[in-house]
Structure formats: structure tokens, C-alpha cells
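Let's take a friendly walk through one part of a protein model. Have the sequence and the 3D view ready, and follow along one step at a time.

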Amino acid sequence: MRPRAPFLFLFLLAISHTPAAEAPPAQNRLVIHADRGKAKIDRNIYGHFAEHLGRCIYEGIWVGEGSPIPNTRGIRNDIVAALKGIKIPVLRWPGGCFADEYHWKDGIGPKEARPTMINTHWGGVTENNHFGTHEFLDLCAQLGCEPYICGNVGSGAVLEMQQWVEYVTFDGVSPMAELRKANGRAEPWKLKYFGVGNENWGCGGNMSAEFYADQYLRYATYVRNFAGNQIYKIACGPNRDDYHWTEVLMGRCTKRMNGLALHFYCGTGKISRSATQFDEGDWFHNLKTALRMEELVAKHSEIMDRFDPQRKIALIVDEWGAWHAVEPDTNPRFLYQQNSLRDALVAGLTLNIFNRHCDRVRMANIAQTINVLQAMILTDKERMLLTPTYHVFEMYVPHHDATWLPDELTCADYAMGEEKIPAVNVSASRDAAGKIHVTLCNLDPNRPAPIDCDLRGAKASRISGRILTAPEITSHNTFDQPARVKPAPFEDARPTDRGFSATLPPKSVVALEIAP
Ligand code: AHR
């Protein structure tokens, strides 16, 4: 007989060199504790942010009454309809860095009489103040969302902030209420969310935590509750991992604030900063950075727990998202960037993190709504397109105000050189009608992710699903091809004895609806 050893050796050598991409995908195990849901996922986690920056407000939202673009009192009808499609719950305005140089009285009264100002942060362009308090509150009324106004601490006076709240909410006779009436609004508005400054550690005045804490207490004192209107006061919070800021604010201001605002942008690729021209290394790097939100939220919450064990004060992530290079031939200070499948994954995994921390994170505002940073919508004159990020927000709507269901996930890694991240990311909730919603992201662009789920305390009788994926990691929508990346039905999930199983295609966001 001829010796078999060389063949065995060659065979073993061959399988040991099978490229990883061809290896069978690892089974991922998920447990959803449907019997342990307590905390509510506040719909405001799905909130937005619109600043006077580039083409977000002007062109994006506001075109003016005389525009040929269909509008209602100057506000684009197509944008309002699209944002209603994702049930926008809350909108933060007017900034951002712009907030701390905005003087609200310049934005009321007859438009032609409103003074102009220089938007020094964002391109030094002239702001005509045509979109002001009345227009913003009209926008929120058209959208059916809560307004969230950010006041000026950096360059504004205490009196100015006090009078803004009086102008908007006071129902009796007062100088500001009379001014409001003279400007055509008899009834006060309801205003719940008010931010006392923005990034006061940076563009909002370059303050130390200690100095800002004192300023916060002073300004917040004069943010009054009128006519039964109860203001929910939000203090400027930390930049990323500035835990000292959280310590100081929680140590000094706990009794006088309702929320503390964290800002974290996950940046872009490692080599390429382009929103659409990047390789898998850039994809991996951006998603790995986005996953840092988990650590930031957990560590800031830990500090907050020491001062506020009952979790009365919310962590409000009122600026987050990816920050890429601007599109070629556009103003670098207008922050106009494209939005690809990678951004959809950034949104999907970040929203899953917020859902899983919903006992502390009660509002988040992605930056920014239209034409700026990780936008929902891009516009080109009368045309508009929905970005992949928009579609994720739409797919996650069933989580709004649902009961969060704790989960445990054991999953394969997605590796890049020496680095690795968990390939799968998940969150689950139960809605008021008793249906369970599970949103899953497969961050690995090469391998499918088979999932076996043990659904404890519930039965999966029927499952339906939707998926967002695309042929390339860089796939994105353009004005000529606005539907390259859009949700499609997902057929690859089925009930099992213990729960359900599903196979997530590479680079996908999947939303499942499970009926008992
Ligand atoms: O969202 C763009 C800018 O990023 C905001 O104006 C500022 O608050 C942050 O630094």
C-alpha cells in the first residue's frame, strides 16, 4: 500500500489555509428576557438636532413663504412629511455652537426689520434671522414634536435667557408676553426642554467645569416655570470621556437640573475621511469608534449613580453621529457630507446602545437633521433624498416608548488585523400591543451571522422582518439614484421551540417583529 500520510498532510495543510472568509460562520447565541422588562425606552432617544449651520435650516427646512418649493408658512412640506415618517419626537435648536452667540430678540418681529448677524462658527456667513422663535415653534407644531431650545450662556445675559422663557411661555400680562402678542401669537407655547448653554467647555465659552457649574446655577435660577409650564432643565455635559466634568456638575448642580448633556462624535475612517470613498479598514475603524458610546454612557452613568442613585437625572446625548469630510466643492464649514451604509450601521448600533441604557439615557439628538453631518435628509434645491440613516430611524420606530427587554448575547468577533469588535449588536423591546421588536446589526461585511435566540417568558408564533443592506460598504443614495439603499422585507427568521433563529446577511441592519 502506498503511504497515506503525505495526502493527509496536504489535506490538513489545505484546510488550515482556507481563507477566513470561507470558514463557516460561527453560531451566535442570544437570550432575550421577555419576562424581565421594566424600563421604558423614551421615544426622545430618537430625537434630532437642527442648527443654523450650512444648509440645515436655510434651504433644508426654511425656504420662505415666497418660494416655489411647496411650503407651509415658509417651511418645506416634503421635509415635514418625511420627518413625520420617522415620528420625530423632539427637535433641538438653534445650536450647537451657534446657540451661544444667538440673540433671540433678533429673530422675532417683521422679517424685513430683523437685524442680521455673522455666523462666525459656521463659515462667517450672514444670518438674516428669518428663521427665529416663531418659525421654530411652528416647525415643531407641524412636525408634532417637542421643541428643545438651547439658550445662550457663552455670550448672552441672564436677563436675555429669562426673557426668552417668559416670551414663549408666560400667559399673563408682562413685557415679553405683550411683545409676543404684538408679533402675532396670543397664546403662550408649551416648552418643556431648555438647555442652559452648549459645549461651554469649548465653543460655548471655554469654561472650566467648576466655572460652568456656577454659571449653570445662576442662569438656571431664572429659567422660570410660568402658566403651569414645567421646564426640564438640561445642563451642558461632558465632551466624550471628560469624567471630571460629570463629577463636578453632579456634585454641585444635582438639585437644580433634570438632564446632563453628553456629546460624542464617532468620527470617520482611519485613513480616508470621505463619506463614500473608503475601504474595509475605514469601515472597521468607524464602527469600532462608534461602539465606544457603550463605554462612555456606562462610565458617565456610573458617576451619576453615585450622586443620583434613583436615576432621576437623565443623561441626554444631545449631539452624536459620524463626522466625515465634506463633499467635494462644498464649503468646508457647512459640514455637508454624504451618508452610506456605514452610517446606517453607526446609527443602528448606537440606537441599540441607547435602548439598552434607557434607564439613564432618556433623550438623544443625532447631528444633524438635514444637509449637515449624519443627516436624515439631503436636499438639492427642490429635490430631496432619504439617507440610509433615515431608514434605520424608520425601522426602529417600534421601540419608541416600548418596554426595554434585557438581553445577553454571545457572538463571534469581527477582526481586522490585531483588532476585533463583536460582530453583532442588538436591542429588544415589547410594545403596548404585546409585540416584541428586536433590532440587530451585523457589522461584519464579509460573513453572515446566524443567530439562535432563546426568548424567555414569551412565545414566538409569527415573525416578520425588514432589512437594510446594500451591495457595497460604500453604497449610498444620490439625487439621481435615491433608492439604492432602502429597507426590504427580511425572510430569513423563523420561530423555534425556544424562540427564533435568523441569519443576518453581512453588513446589515435587521428589524424583527415577533407576535406571541
Ligand atoms: O454639530 C456641529 C457642532 O458640533 C455643534 O455646533 C457643536 O456643538 C459641536 O461641536
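In this predicted model, begin with two helices: α9, residues 341-356, and α10, residues 388-395. Their axes come within 7 Å and cross at roughly 30 degrees. Angles under 35 degrees count as roughly parallel, so α9 is roughly parallel to α10. The crossing of α9 and α10 is right-handed.

Which residues make the contact between these helices? From α9 come L341, D343, A344, A347, G348 and L351, while α10 brings P388, T389, V392 and F393.

Now let your eye move from the helices to a sheet. Helix α9 lies across the strands β16, β20, β21, β23 and β27, and it runs at about 50 degrees to β20, which covers residues 424-430.

What is the order of the strands in this open sheet? There are six strands, arranged as β16-β20-β21-β27-β23-β24, and the pairing is antiparallel. At the edges you will find β16 (403-405) and β24 (488-489), each of which pairs on one side only.

To see the pairing in detail, pick out β23, residues 462-468, and β27, residues 508-515. These two strands pair in the antiparallel sense over seven bridges.

Key. Residues are numbered from 1 along each chain as its sequence is written. This is a predicted model: local features need pLDDT of at least 70, side-chain atom pairs count only at pLDDT 80 or more; totals for chains, interfaces and linings use all residues. Side-chain values use heavy atoms; hydrogens and water are left out. Two strands pair if DSSP finds at least two bridges between them. Helices (H or I, at least four residues) and strands (E, at least two) are DSSP runs, numbered from the N terminus. Contact means heavy atoms within 4.5 Å. Axes are lines fitted to C-alpha atoms, for helices over the stretch in contact, and angles run from 0 to 180 degrees between N-to-C directions. Angles under 35 degrees count as roughly parallel, over 145 as roughly antiparallel, 65 to 115 as roughly perpendicular and the rest as oblique. A crossing is left-handed if the near helix is turned anticlockwise from the far one by less than a right angle, and right-handed if clockwise.
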